[in-house]
Amino acid sequence: MRFALGTTLTAATLAFGQTVVKVAVGGSSGSANGIFSFTPSTITAANGTIVSFQFTGAPGNHTVTQSSFAAPCQPLANGFDSGSVFISSSTAPNPPPEWNITVTDDSKPIWFYCKQLLPSPHCTSGMVGAINVQAGSANTFEAFQKAATSDQHPGQAPGGLVGVGASASARPLVAAGATLFPASGASATAPGGSSASSTSSRAAGGSQTPNSADPVVLGFNLNVLTIVAGIIAGAKLVL
Ligand SMILES: *[C@@H]1O[C@H](CO)[C@@H](O)[C@H](O)[C@H]1NC(C)=O
Ligand SMILES: *[C@@H]1O[C@H](CO)[C@@H](O)[C@H](O)[C@H]1NC(C)=O
Ligand SMILES: *[C@@H]1O[C@H](CO)[C@@H](O)[C@H](O)[C@H]1NC(C)=O
Ligand SMILES: [Cu+2]
């Protein structure tokens with residue numbers, strides 16, 4: 001029984017882990033990495049780690065969109081996507097717009113880019129990032145970023161909250177001073193101008209709206225249930 005309780009506490013630590021890694025989205029004029037950047041551009045993040053994207057690039061209009069090593073500026077099927085966060089002022093709101101994703105599989109690299117095309121395609125300027133690049137692999141961040149600069153047409157198809165190896169449970173938190181596009185989760189423009197509805201499959205673009213059937217939401221609820229059950233079991237032990 002002691003062992004069972006210990007296991008439950010481990011699950012609680014994973015579900016509510018304290019490890020948070022912040023990544024700045026976009027730079028400002030004069031930033032060391034330029035305007036079209038994620039800083040840091042590479043991070044290592046174990047399962048359960050929250051990667052907290054801080055939209056501090058101002059003025060700016062940026063996304064965090066999952067891609068792949070093979071196609072750095074194209075959305076990955078079933079990938080995550082923040083949508084566009086627009087800041088008009090040259091000073092980012094404080095606190096800045098924020099988007100958290102939680103790493104669910106640290107065994108493979110997670111590649112991402114910014115979809116924005118204006119004033120020139122950000123991905124083509126090297127606005128890409130990576131989580132858990134594997135040491136010794138030929139798939140280096142430098143090779144990924146170099147490949148990004150030769151894609152002149154970054155893909156615009158919307159992704160979802162749940163990605164491959166990392167997932168969000170909500171859209172970015174955007175307070176006064178910033179705007180989220182698309183404004184609502186249900187509508188987004190797919191390539192070719194057709195409208196992707198919330199009923200379309202994730203592979204075809206997916207939905208930005210958290211769905212109670214999403215694995216991440218179910219997983220969270222199951223974890224909460226596990227913890228509650230564990231606390232009850234623990235209480236019984238004490239009694
Ligand atoms: C920000 O980018 C999105 C996606 O391209 C676009 O829909 C939106 O109009 C842009 N916002 C502004 C204010 O330029
Ligand atoms: C992280 O989670 C994934 C998916 O469940 C699993 O394959 C991987 O082994 C986990 N990593 C570690 C270090 O346990
Ligand atoms: C992101 O995660 C941090 C750490 O758990 C939390 O303090 C913050 O409120 C989260 N932000 C959002 C927008 O959920
Ligand atoms: Cu950008």
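Reader: What makes histidine 122 count as buried or exposed?

Author: Buried means under 20% relative accessible area, exposed over 50%, and partly exposed in between, with a 1.4 Å probe and protein chains only. Histidine 122 has a relative accessible area of 2%, so histidine 122 is buried. This is a predicted model, in which local features need pLDDT of at least 70, side-chain atom pairs count only at pLDDT 80 or more, and totals for chains, interfaces and linings use all residues. Residues are numbered from 1 along each chain as its sequence is written, chains are lettered from A and ligands numbered from 1 in the order in which they are written, and side-chain values use heavy atoms, with hydrogens and water left out.

Reader: Which residues are the protein donors of the copper ion (ligand 4)?

Author: Donors are N, O and S atoms within 2.8 Å of the metal (3.2 Å for Na, K and Ca); water is not among the atoms, so sites may look incomplete. His62 (ND1), Cys114 (SG), His122 (ND1) and Met127 (SD) lie 2.0 to 2.6 Å from the copper ion (ligand 4) and are its protein donors. Their spacing along the chain is H-x51-C-x7-H-x4-M. Histidine 62 is in strand β5 (residues 60-62) and histidine 122 in the loop between β9 (110-113) and β10 (128-131), 60 residues apart. Strands are DSSP runs (E, at least two residues), numbered from the N terminus.

Reader: Why is the arrangement around the copper ion (ligand 4) called tetrahedral?

Author: Four donors count as tetrahedral if all angles lie between 85 and 135 degrees. The four donor atoms here subtend angles of 93 to 127°, so the arrangement is tetrahedral.

Reader: Why do histidine 62 and cysteine 114 count as buried?

Author: Histidine 62 has 2% relative accessibility and therefore counts as buried. Cysteine 114, at 0%, is buried too.

Reader: How many disulfides are there by this rule, and which cysteines does a disulfide join?

Author: A disulfide is a pair of cysteine sulfur atoms within 2.5 Å. The count is one. Cysteine 73 and cysteine 123 are joined, at 2.0 Å from S to S. Cysteine 73 is in the loop between β6 (65-67) and β7 (84-87), and cysteine 123 in the loop between β9 and β10, 50 residues apart. The angle about the S-S bond is -85°, and the link is left-handed. Both cysteine 73 and cysteine 123 are buried.

Notes
Four donors count as tetrahedral if all angles lie between 85 and 135 degrees; four count as square planar and six as octahedral if opposite donors are over 155 degrees apart and all others between 65 and 115; anything else is irregular. Helices (H or I, at least four residues) and strands (E, at least two) are DSSP runs, numbered from the N terminus.
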